[in-house]
Amino acid sequence: MGITLIKDENIQCVLKWEAIIGECPTWSSQEQKLYWVDISEKKVHCFNPSSGTNKTIELPEIVPCIALREKGGLVLTLKKEFAIFNPETEKLQRIKTVESDLPQNRFNDGKCDPGGRFWAGTMDSLEWKKPAGNLFCLQPDFQVRHMEKSVICSNGLGWSPDMKTMYFTESFRYSVFAYDYDLHTGAISNRRLFMEMDKSDGRFPDGLTVDAEGFVWSNIVGPGEIHRFDPKGKLERVLKFPVPRATSCTFGGPDLKTLYVTSSRETLSAPQLKEAPLSGSLFAVPTETPGLPTFLFKG
Ligand code: CA
């Protein structure tokens with residue numbers, strides 16, 4: 001089986017924006033809207049594909065990741081805290097702080113699992129390649145469990161359709177790892193390498209999502225690509241975006257057959273931005289295979 005290269009014309013810019021670190025696209029089936037964040041700009045965005053409008057709410061701190069709550073509103077992370085946020089009233093309720101002893105660390109990507117728990121990892125905000133990160137899991141009862149240590153820039157997470165495997169990206173191990181995952185307890189075990197990048201040219205894996213066939217879509221920053229892997233880790237498809245930093249992806253739309261993709265302007269030089277002026281925008285790609293529905297936080 002050869003590798004399919006998806007042509008640029010299948011990729012649409014659906015919202016022209018200058019996000020500094022556009023991240024964590026999260027589809028709300030109930031609202032038919034796409035929530036996403038701009039981490040460093042401290043913003044939660046909500047994009048409505050049917051009207052093309054984008055609502056923005058500013059928070060008091062950086063907002064690295066979000067997930068939807070079953071009872072409405074969002075669960076999210078701030079620099080070092082888990083919090084609950086109501087986008088209607090803009091009420092922010094801080095829940096738990098992590099890593100008080102690691103001042104350089106901040107939260108990075110996060111996502112809800114099929115059991116309704118919210119996973120979020122951390123990274124060293126200055127020394128990205130330092131193994132200083134941890135992976136945490138916020139339970140529906142708001143207790144925090146420590147799930148993984150010595151992480152080098154915690155990033156994209158996902159779960160297989162049979163809910164037996166969890167995927168976890170460590171950007172500067174240039175790898176996505178797979179674990180056996182227990183839906184009922186949330187425990188992970190048997191960590192193994194799922195895919196590893198060539199680390200010679202500065203590219204690294206970022207966000208991640210899983211489709212209904214169990215294929216894994218991983219954002220590759222540098223060339224601005226998304227690589228689709230079969231469940232065994234074999235590369236099957238490459239999507240090439242018109243921006244070097246396509247950061248994260250998720251499936252949305254009424255049939256979950258639209259892949260929404262965020263992007264970023266962070267660390268790009270003026271000439272790079274001139275060459276890729278859509279950096280920071282939102283993109284959409286139609287897919288044949290639908291995604292898995294967004295899992296909701298049960299707390
Ligand atoms: Ca990321």
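# Calcium site, salt bridges and an open sheet

Both Glu23 and Asn155 are buried.

Biologist: Which residues donate to the calcium ion?
Modeller: In this predicted model, the protein donors of the calcium ion are Glu23, which contributes two OE atoms, Asn155 through OD1 and Asp206 through OD. These donors lie 2.2 to 3.2 Å from the ion.

Biologist: How are those donor residues spaced in sequence?
Modeller: The spacing is E-x131-N-x50-D. Glu23 belongs to strand E3 (residues 22-28) and Asn155 to strand E15 (residues 154-159), so this pair ties together parts that are 132 residues apart in sequence.

Biologist: Turning to charges, how many salt bridges are there?
Modeller: The count comes to 16 salt bridges.

Biologist: What is the N to O distance between Arg191 and Glu170?
Modeller: Their side chains meet in a salt bridge at 2.9 Å, N to O. The pair links distant parts of the chain, with Arg191 in strand E18 (residues 188-196) and Glu170 in strand E16 (residues 165-170), 21 residues apart.

Biologist: Is Glu170 buried or exposed?
Modeller: Glu170 counts as buried because its relative accessibility is 0%, under the 20% limit. Arg191, at 32%, counts as partly exposed.

Biologist: And what does Lys130 form with Asp124?
Modeller: Lys130 and Asp124 form a salt bridge in which the closest N and O atoms are 3.7 Å apart. Asp124 is buried at 2% relative accessibility, whereas Lys130 is partly exposed at 35%.

Biologist: Which residue does Arg203 meet in a salt bridge?
Modeller: The side chain of Arg203 meets that of Asp201, at 3.0 Å from N to O. Asp201 is partly exposed, with a relative accessible area of 47%.

Biologist: Which residues are linked in a network of salt bridges?
Modeller: Such a network links Asp211, Glu213, Arg228, Glu236 and Arg237.

Biologist: Now the open sheet of four strands: what is its order?
Modeller: The order is E7-E8-E9-E10, and the pairing is antiparallel. Strand E7 (65-68) and strand E10 (91-97) stand at the edges with a single partner strand each, so one side of each has no neighbour in the sheet. On average, neighbouring strands of this sheet are turned by 25 degrees against each other, direction ignored.

Biologist: Over how many bridges do E8 and E9 pair?
Modeller: Strand E8 (residues 74-77) pairs with strand E9 (residues 81-86) over four bridges, in the antiparallel sense.

Biologist: Which residue in E9 is the bridge partner of Val75?
Modeller: The bridge partner of Val75 in E9 is Ile84.

How values were computed
Residues are numbered from 1 along each chain as its sequence is written. This is a predicted model: local features need pLDDT of at least 70, side-chain atom pairs count only at pLDDT 80 or more; totals for chains, interfaces and linings use all residues. Side-chain values use heavy atoms; hydrogens and water are left out. A salt bridge is a side-chain nitrogen of Lys or Arg within 4 Å of a carboxyl oxygen of Asp or Glu. Buried means under 20% relative accessible area, exposed over 50%, partly exposed in between (1.4 Å probe, protein chains only). Helices (H or I, at least four residues) and strands (E, at least two) are DSSP runs, numbered from the N terminus. Donors are N, O and S atoms within 2.8 Å of the metal (3.2 Å for Na, K and Ca); water is not among the atoms, so sites may look incomplete. Two strands pair if DSSP finds at least two bridges between them. Axes are lines fitted to C-alpha atoms, for helices over the stretch in contact, and angles run from 0 to 180 degrees between N-to-C directions.
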